[in-house]
Amino acid sequence: MEATVDHLSAAYDDFMAAAAAVVEARAQSGGEKKTAATDAALEAFKQRWELFRVACDHAEELVESIRQRIGSECLVDEATGSASAGSVAAPGIKPISAVRLEQMSKAVRWLVIELQHGASAQGAGGSGGAATPNAGAGGQHPEEGGQ
């Protein structure tokens, strides 16, 4: 994470230096709008802008990844009852194992996929029976199949 912050900071510094170079080149051009120096400064500015955007995107991806990991860990901790000792589980809700939680998560994903395929088949074909959302749901969960 430190490396990402350092990279983002360096990209920002380079971007600001390129912006200052554009202003300086324009000031030195003596009022001319287009000179070789201003063109070069603008091109460097454009390159630094792109590098800064890439660094920002990378930092955003890292933050999102960490946010998802923390959220998943909190969810598993709550579901398995291994959350901090100070927290009390909701009355009447029994903790479940992480394995069972993962199985349920897969089942929900499969159901969503089936529903999406059913909706797209009905919209494309016009017939209500082309694909049913419950196809293959004969008491067996999709994740128990041939994965």
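**A tour of the aromatic cluster and its helices**

Start by selecting Phe52, which is buried at a relative accessible area of 15% (buried means under 20%, exposed over 50% and partly exposed in between, with a 1.4 Å probe and protein chains only). Before moving on, note that this is a predicted model, in which local features need pLDDT of at least 70, side-chain atom pairs count only at pLDDT 80 or more, and totals for chains, interfaces and linings use all residues. Residues are numbered from 1 along each chain as its sequence is written, and side-chain values use heavy atoms, with hydrogens and water left out.

Next, colour by secondary structure. You will find three helices and zero strands, in the order α-α-α from the N terminus. Here helices (H or I, at least four residues) and strands (E, at least two) are DSSP runs, numbered from the N terminus.

Now select helix H2. Its 45 residues reach 66 Å from first C-alpha to last, close to the expected 66 Å at 1.5 Å a residue; that expected span is 1.5 Å times one less than the number of residues. Among the buried residues in H2 are Thr38, Ala41, Phe52 and Ala55.

Then show the rings of Tyr12, Phe15, Phe45, Trp49 and Phe52, which form one aromatic cluster. Rings of Phe, Tyr and Trp (its six-membered ring) pair if their centres lie within 6.5 Å; planes under 30 degrees apart count as stacked, over 60 as edge-to-face and the rest as tilted. The count by this rule is five aromatic pairs. Zoom in on Phe15 and Trp49: this pair is tilted, at 5.3 Å centre to centre with 45 degrees between the planes. It links distant parts of the chain, since Phe15 sits in helix H1 (residues 2-28) and Trp49 in helix H2 (residues 36-80), 34 residues apart.

How exposed or buried are the two partners? Phe15 is buried at a relative accessible area of 10%, while Trp49 counts as partly exposed at 35%. Phe15 lies in H1 and Phe52 in H2, so the pair ties together parts 37 residues apart in sequence.

Finally, colour by pLDDT, the predictor's confidence in each residue, from 0 to 100. The chain averages 76. Among its elements, H1 has the highest mean pLDDT (93) and helix H3 (residues 98-125) the lowest (75). End at residues 126-147, where pLDDT stays under 50 and the model has 21 contacts beyond four places in sequence (contact means heavy atoms within 4.5 Å).
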